[in-house]
Amino acid sequence: ITQAARFAHRGGIVHRDLKPQNVMVDSDDRAVVTDFGIARAGASGVTEAGSVLGTAHYISPEQAQGQDVGARSDVYSIGVVLYEMLTAKVPFDADSPVAIAMKHVGEAPQPPSAVVPGISPDLDAVVLWSLNKQPGDRPADAEALAHALEAIGERLRAAGDTAATVAFAVPTAATAVAATPAQPEEANGEEPPEEEESSNRKWWIAAGVLAVVAALAAAFFLTRPNEVTMPLVVGKDLQTARTIISNAGVTSDPVIQREQSSRPVGEVIAQKPLAGAKVAEDGKVTLVASAGPGSTVVPSVTELSEQEASALLRKSGFKVEVRRRSDSDVKKGFSIATDPAAGTSLPRGTTVALIVSSGVGEVSVPSVVGQNVDDARSALMAAGLVVSTTKQQTTDQPEGTVLSQDPSGGTSVEKGSTVTLAVAVAPPKVAVPDVLGRTQADAVARIRSAGFVATVVTVEPPAAGCTDADFGNVVDQDPPGDSQADKGSRVKISICTDPGTP
């Protein structure tokens, strides 16, 4: 399986759904990896509507979180398959795919040997190495995993061959005796025949050979270097790892190599030989220690959408915290800046705040109806609003009074929105028609035609100007004819009436 994945990885292809159901075994007992239906060239993550591809029991933590996947994601899935082959169980199980995915993200797996006692410590270490949560803490690709598995296979085969060699090279005394021909009895004190002498010579030759073999075996066991079992020190700090290795009986000082990793600085992230392997007391031990995540520069996110900026920051090795702020110059949903600013050098894994525009922001419109237009304009502009006015003729409010507003007071609008005010103005002055001596109907019609409202009262003789000749006519008006008055105002006319008229 690792060889198939290695071939794909060398071509830049990530399978993304490695599981037992996608492995066929042909008639020659060769494993064939199938179903590249969701494979992609290079790193990729989610597809339509953000659905995570892969099968819940075998997906990597980054697939479960909808992040980019790569060769190390396939390595994780192979680690799950290997775990299941060794224990007959998957490392994580639950009632729903979502619950299983969350365990992949946040729960540590049990070592296979905790499920099935007797599993090689080497296999334990490789499985757990493949199932690290952080991709950078796993084998780099299927080729690295294949090398580790091949090394374990060689050690296991070597252990079996050594036992067989010793069993065949040092035959027991019983075996030697059984292989020796019986000696004929002496006849009457006579010398044994020639055949008997030949048989005796064969016996002494066989005994000599056995003695040489025994001496060589003794020399091998007495002169070979003492071996100790390599302890597991992955996950320990360097000082603790050195102490554990020394206490196990290794006298040589470990060779230390450092690699960038998300693990704390100084923590052992790999070891050679692997845990459980045999190593000479003075043998070479190599420990790979974390040099920390390393540093990188915060990229510029100007003119990027929130999604594009977040992806760029994560690809650069940072965690992202989104903050929103109103801004009149940056479109809603687009990046304003980062904190720390672009160009700052920070350790990978540091949280960077991504500041995203929430638009120009909203404000509550102040209520200004009844106020003088100048005071109303000041209040609205102080709230960040634009003011527009229209004139409305009225005689009920002083000129310059705000009669209405749109939007109304208390409404939430975007900052910079326009509020329209209707402001009272006096009607224009026009000439009052002269209606003295005219009938009531004629006078009222002329007053209304000029834009005034007629008010009619009656008077009787001996009121001024009211005589028998004036009955039914206008004898007085206020304001007087030809004077100037506000259009729409009232003109009062007096009609002379006969006292005897019902």
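Student: Why is valine 474 called buried in this predicted model?
Tutor: Its relative accessible area is 3%. Buried means under 20%, so valine 474 qualifies.

Student: Where does valine 474 sit, and what does it touch?
Tutor: Valine 474 belongs to strand E22, residues 474-478. Leaving aside residues up to four places away in sequence, its contacts include Val435, Leu436, Ala443, Ile493 and Ile495.

Student: What makes serine 290 buried?
Tutor: Its relative accessible area is 0%. The cut-off is under 20%, so serine 290 counts as buried. Serine 290 is in strand E9, residues 286-290.

Student: Which backbone atoms does the side chain of serine 290 reach?
Tutor: One is the backbone oxygen of proline 264, at 3.4 Å. Another is the backbone nitrogen of glycine 292, at 3.0 Å. A polar contact needs N or O atoms within 3.5 Å, and both distances meet that limit. Beyond four places in sequence, serine 290 also touches residues including Arg258, Glu259, Val265 and Ile269.

Student: What is the strand order of the sheet that holds E9?
Tutor: The order is E6-E9-E7, in an open sheet of three strands with mixed pairing.

Student: Why are E6 and E7 said to stand at the edges?
Tutor: Strand E6 (255-259) and strand E7 (268-272) each have a single partner strand, so one side of each lacks a neighbour in the sheet. Direction ignored, neighbouring strands of this sheet are turned by 20° against each other on average.

Student: How do you know that E7 and E9 pair?
Tutor: Four bridges join them. Pairing takes at least two bridges, so E7 and E9 count as paired, and they run antiparallel. Glutamine 271 stands opposite leucine 287 in E9.

Student: Which helix packs on this sheet?
Tutor: Helix H10, residues 238-247, does. H10 touches E6, E7 and E9, and its direction makes about 160° with that of E9.

Student: How do you know whether histidine 104 is buried or exposed?
Tutor: Its relative accessibility is 0%. Under 20% is buried and over 50% is exposed, so histidine 104 is buried. Histidine 104 lies in helix H4, residues 97-106.

Student: What makes the approaches of the histidine 104 side chain polar contacts?
Tutor: Its side chain reaches the backbone oxygen of histidine 57 at 3.2 Å. A polar atom of that side chain lies 3.4 Å from the backbone oxygen of isoleucine 59. The limit is 3.5 Å, and both values meet it. Among the residues that histidine 104 touches, outside four places in sequence, are Tyr76, Val80, Phe92 and Lys133.

Student: Which residues of helix H12 are buried?
Tutor: In H12, residues 373-382, they are Val373, Ala376 and Leu380.

Student: Why are they said to line one face?
Tutor: Seen down the axis of H12, they fall within an arc of 60°, so they line one face of the helix. On the other side, Met381 and Ala382 are exposed. The cover over the buried residues includes strands E16 (386-393), E17 (402-406) and E19 (418-425).

Student: What is found at the start of H12, and what just after it?
Tutor: At the start, a side-chain oxygen of asparagine 372 reaches to within 2.9 Å of the backbone nitrogen of aspartate 374. Just after H12, glycine 384 takes a positive phi of about 90°.

Conventions: Residues are numbered from 1 along each chain as its sequence is written. This is a predicted model: local features need pLDDT of at least 70, side-chain atom pairs count only at pLDDT 80 or more; totals for chains, interfaces and linings use all residues. Side-chain values use heavy atoms; hydrogens and water are left out. Helices (H or I, at least four residues) and strands (E, at least two) are DSSP runs, numbered from the N terminus. Buried means under 20% relative accessible area, exposed over 50%, partly exposed in between (1.4 Å probe, protein chains only). A polar contact is a pair of N or O atoms within 3.5 Å; within protein, one must be able to donate a hydrogen and the other to accept it, and residues adjacent in sequence count only if both atoms are side-chain atoms. Contact means heavy atoms within 4.5 Å. The arc is that of the directions from the helix axis to the C-beta atoms. Axes are lines fitted to C-alpha atoms, for helices over the stretch in contact, and angles run from 0 to 180 degrees between N-to-C directions.
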